[in-house]
Each structure stands twice: as structure tokens, then as C-alpha cells.
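Dear colleague,

I am passing on the structure we spoke about, and below it I have set down what was found in it. Please read the notes with the coordinates open beside you.

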Amino acid sequence: MTSSDLLVLNTLRCMGFTTLTRLAEASGFGESDVQSELIDLAVAGLVTYEPGDFGGWGITPTGKTVHAARVAAELDDAGTRAAVTDALDRFLPLNTELLDLCEAWQMRGGTLNDHGDPAHDARVLTLLTDLDRRAETVVAALSQALPRFARYRVRLTEALTRARAGEREYVTDDMASYHVIWFQLHEDLLVTLGIPR
Amino acid sequence: MRWIHPLTSGEPVEVIGGKAHGLVVLGRLGLPVPPGFVIGTDACRAYLRDGHLPEGLVEELSAALSDLPATRVSVRSGASVSMPGMMTTVLDLDTDPIGPLLNAVTEVFASWHTPRAKTYRDLHGISHDLGTAVSVQTMVHGDRDHHSGTGVAFTRDPTTGDPVPYGDVLFGRRGDAVVSGREHPRPLHDLADREPEVWAGLTHAMARVEAHYRDACYLEFTYESGRLWLLQVRPGRFTGAAAVRVATDLADDGVIAREESLLRVTEKDLQQVRTARIALPADVVARGLGACPGVATGSIATTSEAAVRMAADGPVILVRPETSPLDLRGIAAATGIVTARGGPASHAAVVARAMGKPAVVGTAGLIVAAGSIRAGDRTLTEGAVITIDGTSGDVVAGEAAVTTSLAEAHVHRLLEWADTVSGDTSERSDPQRLSAAHAVLIQRGGQEQA
């Protein structure tokens with residue numbers, strides 16, 4: 001299993017600058033546990049806290065280097081590089097499709113979707129639910145290869161459930177929306193395999 | 001032949017697909033189209049049903065190929081309804097032996113059922129049973145020599161409707177380079193000086209296709225050793241200000257009736273017409289794809305760290321090769337976003353729209369270095385002010401003037417016609433004036449049919 005300090009470091013690497021609360025939600029730990037890890041990581045120079053409007057907890061350049069080495073070592077120890085590579089190959093076509101759906105959710109005929117057509121929104125949500133079902137097998141395979149990926153299943157389900165219950169911002173707009181979590185999963189796959197964007 | 005049709009075929013678009021149908025139109029207008037033929041959608045449906053190419057197709061292919069002047073071909077998908085970028089294209093394939101061509105045709109047929117294509121059809125209410133046609137044409141090489149190249153052209157500006165040719169050209173490159181985004185294309189008009197004969201041929205073709213479709217059109221072309229070839233044509237499908245402008249201009253020119261010009265404009269176009277736009281002329285340094293409508297002016301930041309730091313002192317435009325989640329805060333801090341890669345369906349575009357920031361993506365040939373950006377022979381350093389237009393995709397040096405009334409005079413005239421049709425001159429919103437006219441025209445059309 002991934003150690004809790006690497007889990008926090010990895011979550012931060014895949015999220016970008018964020019708040020303690022969001023980091024705790026994403027990693028699945030309590031806030032006090034996350035804070036304790038963050039302090040140790042900060043002492044080691046791997047993460048930093050920046051004040052200000054766009055600040056929060058974030059990974060440092062040193063942190064990125066250390067993180068890359070540690071996730072590579074983790075993957076070597078697990079001996080599942082082939083399985084993760086295979087999962088990325090299955091993920092990428094789904095990613096293209098998800099982005100098509102997000103565009104359809106946000107834009108209609110050259111203007112921003114005003115969400116005045118419930119039938120259109122319902123159609124997109126139905127297609128998103130179908131895509132999510134197909135993504136489930138990829139995330140399941142990833143979780144077999146590296147258990148830390150199982151957290152994405154929980155988070156994606158939460159976002160989709162909220163979106164389907166009428167909280168529209170959980171499709172693309174909220175920082176815990178389906179697209180933002182998916183974007184982080186995409187990033188996680190790339191950094192885990194050491195593939196530059 | 002049962003499955004294969006010549007590019008002079010009178011078969012309907014349901015059989016030969018939209019792309020081949022356009023090629024037939026071009027041929028009939030006397031415009032140059034590379035020799036070729038089209039495999040009908042029924043062959044695709046047979047393949048999808050049986051899991052193998054239909055009986056007799058291979059023999060028909062061999063016969064059709066023997067009539068072509070060369071052995072290298074392009075293989076393009078083309079359904080009866082537009083599904084841009086959803087299916088496969090194979091360029092520069094050798095037909096001798098025939099094996100690779102059969103594989104390519106099979107690949108195009110199979111691409112009808114990729115999950116992405118299925119989702120696209122579900123989204124747009126397109127039947128899953130249509131299948132795609134496949135056009136096979138002699139390859140023309142835009143990378144042949146100094147007098148070769150490739151490009152895309154609109155007969156009018158697709159974001160303003162101005163009656164001037166608009167598009168991109170890549171000198172010495174073939175078609176797939178235009179969509180790859182790695183190369184910095186030149187404005188279409190550069191062709192006029194560099195290849196006057198090709199330009200004359202192209203402007204002639206533009207006039208012919210506009211007269212045929214009675215609408216602004218989109219063309220793809222390649223020229224090889226100074227000789228022009230047209231590879232695709234379709235109506236422009238403009239929206240917003242451009243739709244209003246073209247519909248009224250065509251009515252003014254007597255090309256279409258005023259009633260038809262009203263039917264070509266939607267209520268959505270009238271809403272979109274008010275979107276902020278850069279007022280031209282402006283010093284355009286690069287052009288990408290508009291991903292989130294609106295205009296933003298700010299200082300260039302090439303990293304998210306710089307964007308956050310600089311945003312304290314004034315508006316910032318974040319310019320990135322593409323974005324990762326590490327850029328989320330940079331996007332949040334910026335007033336506008338530019339990326340070199342990606343399209344309107346990319347993570348950067350989705351995030352920009354989610355945050356309501358004007359965005360330009362897929363800016364072909366834009367190089368983002370540490371502390372500066374470069375496009376063609378122009379270099380702008382971090383901190384320099386640029387303005388971006390998230391509708392047209394223009395990236396302009398300095399603070400550009402902004403307008404929210406790009407087609408004001410045209411909107412005004414169109415709505416006067418609308419009031420004449422509806423007989424209603426009461427105080428109402430623009431979309432209401434248009435929809436009242438639509439209601440009358442649709443009812444009138446129904447009565448004429450009955």
C-alpha cells in the first residue's frame with residue numbers, strides 16, 4: 001500500500017494548489033491527519049503553503065522531483081507497469097469522449113449553454129452516466145494495479161450522483177466536479193507512468 | 001457496380017455521404033477534383049451487420065482502381081450527416097497490392113462504431129444505422145515542391161460574416177499538417193502574392209460554390225506543382241453575428257429572398273450577436289480556435305506561478321503550451337487563457353468555460369518559452385499586453401478596441417424585415433421579433449405544401 005505521506009504528496013501533485021479541506025476530501029483522510037503529513041512534507045521542502053487569493057497548499061519543484069522518483073519506485077515494486085500502461089490506453093479514448101460531453105454540456109450552437117433546455121441536459125447526463133459505467137472497469141483495473149487509484153471511483157461517483165440530483169456545477173464547474181476529478185485522474189496516470197504532457 | 005459509385009454519381013447524400021456529395025457538386029461546377037470514387041453507405045451497413053466486407057466489393061474496388069491514373073490514394077470517411085473528426089482518414093496509401101486499401105476501408109467502416117462516435121450521434125440525435133461512405137481519391141501532394149501547399153478557406157469571414165475570403169494556408173505541406181497544429185499557418189491571402197494562379201483558381205471556385213449553395217461555404221484545397229485541387233466543400237454553417245451578416249448580405253444581393261434570410265437566422269444567433277468581440281482591424285499575432293466567447297486584455301504570463309504573482313498588479317492572460325491541473329490556479333488568477341495545443345474539447349477549454357474566462361486554444365505554431373511567446377516571426381515577452389477574442393480565436397498585440405455591436409446595422413435591417421412579415425411593430429425583444437416572423441413563415445410554408 002502507498003504510504004500516507006506519499007498519498008498526500010501525490011494528491012497534491014495531481015490537484016495543484018488547494019485547501020486543506022479539499023485535500024482531505026480528495027485523499028480520503030481526516031483533516032488533522034492530512035495537516036500532520038503536510039507539515040512533515042513542508043519541513044522536507046516538498047510542499048509549501050502560500051497565502052493569498054490563489055494560494056493554499058502546493059507542491060514545490062523539489063517536491064515534484066521527489067514525487068516522480070517515489071511513484072516510479074512504487075510502480076516498480078508493485079510490478080504492475082504493464083497493467084497501468086494498458087489502463088492508460090483504455091482511458092485515453094474515454095477521455096476524448098468525456099471532453100466531447102463536457103463541451104456539449106457547456107456550449108450550444110456557439111454560445112454558452114444557458115441550461116434552458118432540460119432535455120439536452122438530461123441527454124448529456126445520461127451519456128455521462130453510460131461513460132462512467134465504462135470508465136468503472138478501467139478504474140477497477142487500475143485499483144488492482146495500484147490500490148490508491150480506488151479513491152477516484154469514490155470521488156467520481158460522488159460528483160456524478162450530485163450532478164444527477166440537480167447540482168449542475170458538479171459536471172464541470174465545481175473544483176470537485178466530475179471533469180476536475182477526471183482531469184486529476186488523467187494527470188495521475190501520466191505522472192505515475194512518467195509520461196510528460 | 002453495386003457498392004461503388006463514380007464521383008459524377010447522381011446518388012443522394014444518404015448513399016454517397018456528405019463529403020462525396022460535395023465532390024460531385026464541385027465536379028459538376030467544373031472545378032478540379034482529384035479522380036476517385038466512393039464506396040456507398042450500404043457497404044458499410046453490410047460490413048457492420050456481417051462483420052466482413054460485402055461480397056463483390058473487392059472485385060469492384062480492383063476494377064475502380066484500375067481506372068485511376070496513380071496508385072497512391074487518400075481514403076476518407078463521409079457520413080450523410082456531419083460528424084467532424086469522429087472517424088478515420090488514411091492518406092497516401094499504396095493500392096498495389098490491394099491489401100492495405102482493404103484494411104483502410106475496413107478501418108473506416110469500423111470507426112462508425114467507436115464509443116466516441118456513438119456518443120456524438122446520441123448527443124446530436126443522429127441514427128446509429130446510417131453508416132459511413134468512403135471516398136477513395138488519387139493522392140495530391142501539397143508537399144511535392146516549392147509550388148505546392150494546402151489549406152482551408154471560408155468564402156467569407158466565419159466569425160464576422162465579412163464578404164472576404166478567410167482561412168489558413170501551409171506552404172509545402174500536405175493536408176494532415178493543417179490539423180496537426182504543429183505548423184504555423186499563414187493567412188489565406190498570402191497565397192495571392194505567392195501563387196497568383198492558384199489564388200485566381202481558388203477565388204473562382206469560391207464564387208462558383210457560393211452561387212451554387214446560395215450561402216457562405218467552406219473549402220479544403222491542396223495545390224501540387226502550381227495546380228489547384230479541391231478536396232471538400234460544404235455550406236459554412238455560421239452562427240451569431242456572422243450568420244446575421246451573411247443572411248442579410250445575400251438578401252441585399254438578391255441571392256436569396258428576405259423571407260429565406262429570416263429563416264436562416266436563429267434566436268440563438270441574435271443572442272450571440274451581443275457577445276463582446278475585438279473590433280478590427282487589429283494587430284493579429286496569432287490565431288487559434290475560440291473556446292470560450294468574450295474578449296480579455298492583460299499581460300502575458302507564461303507560467304501559472306507568474307500569473308498568480310502578476311495578477312496582484314493587474315489583469316493577466318495565461319499563455320501555456322497546454323494545461324495540467326497544476327495550472328488550475330493560474331487559470332483562476334487570469335482574465336483570459338491561450339493554449340498552443342488542444343481543441344474546444346480539451347481540459348483547458350472545459351476549465352476556462354467553467355470559470356467563465358475568454359479562451360483561445362489550439363493556436364497553431366505558437367511557441368511558449370520561459371518568459372516569452374513566439375508566433376511566426378513575432379516574439380512577445382512576459383508582461384507584454386495582448387488581447388484575445390474567444391469567439392474568433394484572434395490573439396492581438398496590445399489593448400484592442402472591443403465591440404458588442406459587430407453586426408448592428410444588419411441586425412436592425414433584418415428585424416425590420418421580420419416586422420414586415422409578422423405585421424407586428426410593438427415593443428418586443430429582438431428574439432421575439434424574429435420568432436414572430438418565423439411563426440408566420442413556417443405557417444405560410446405549411447399552407448403552400450398543403
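Predicted model: local features only at pLDDT ≥ 70, side-chain atom pairs only at ≥ 80, totals over all residues.

Turning to the open sheet of chain B, you will find 8 strands in the order β12-β22-β21-β14-β15-β16-β17-β13, with mixed pairing. The edge strands are β12 and β13 (289–292) of chain B, each of which pairs on one side only. On average, and with direction ignored, neighbouring strands of this sheet are turned by 30 degrees against each other.

At the β12 end of that order, β12 (residues 284–287) of chain B runs antiparallel to β22 (residues 394–397) of chain B, and 3 bridges join the two; within this pair, Arg287(B) stands opposite Asp394(B). On its other pairing, β22(B) meets β21 (residues 385–389) of chain B, again in the antiparallel sense and over 3 bridges, with Val396(B) in β22(B) as the bridge partner of Thr387(B). The strands β21(B) and β22(B) form a hairpin with 4 residues between them, and Gly393(B) in its turn has a positive phi of about 85 degrees.

Helix α12 (residues 304–311) of chain B lies across β14 (295–301) and β15 of chain B, and runs at about 175 degrees to β15(B).

The largest nonpolar core has 100 residues, of which Ala307(B), Ile317(B) and Ala334(B) touch the most other members. If residues up to four places away in sequence are left aside, Ala307(B) touches Ala301(B), Val316(B), Leu318(B), Gly330(B), Ala333(B) and Ala334(B). Apart from this core lies another, of 88 residues, which includes Ala20(B), Leu219(B), Val246(B) and Ala418(B).

As for how the two chains meet, the contact takes 28 residues from chain B and 29 residues from chain A. On the side of chain B that touches chain A, at least two residues each are supplied by α5 (115–124), α11 (267–272), α13 (328–333) and α14 (347–354) of chain B, and α5(B) gives the most, with 6 residues. By residue type, this side of chain B divides into 14 nonpolar, 8 polar and 6 charged residues.

Within chain A, helix α2 (residues 20–27) and helix α3 (residues 31–43) pack at an angle of about 105 degrees, with their axes 9 Å apart. Since an angle of 65 to 115 degrees counts as roughly perpendicular, α2(A) is roughly perpendicular to α3(A). The contact brings Leu20(A), Thr21(A), Leu23(A), Ala24(A) and Ser27(A) in α2(A) against Glu31(A), Val34(A) and Gln35(A) in α3(A), and the residues involved divide into 4 nonpolar, 3 polar and 1 charged.

Leu102(B) lies in helix α4 (residues 99–110) of chain B and counts as partly exposed, because it has 15 C-beta neighbours inside 10 Å. Not counting residues up to four places away in sequence, Leu102(B) touches Leu53(B) and Val58(B), while the C-alpha atoms of Leu102(B) and Ala401(B), 299 residues apart along the chain, are separated by 55 Å. Arg133(A), which is found in helix α6 (residues 118–145) of chain A, is exposed, with 9 other C-beta atoms within 10 Å. From Arg133(A) to Pro196(A) the separation is 63 residues in sequence and 28 Å in space, C-alpha to C-alpha.

With best wishes

Definitions and conventions: Residues numbered from 1 in each chain as written. Chains lettered and ligands numbered in written order. Axes fitted to C-alpha atoms, helices over the stretch in contact; angles between N-to-C directions. Parallel < 35°, antiparallel > 145°, perpendicular 65-115°, else oblique. Contact = placed C-beta atoms within 7 Å. Nonpolar A, V, L, I, M, F, W, Y, C, P; charged D, E, K, R; others polar. Core = buried A, V, L, I, M, F, W, Y, C linked by C-beta atoms within 7 Å. Buried ≥ 20, exposed ≤ 12 C-beta atoms within 10 Å, placed from the backbone. Pairing = 2+ DSSP bridges.
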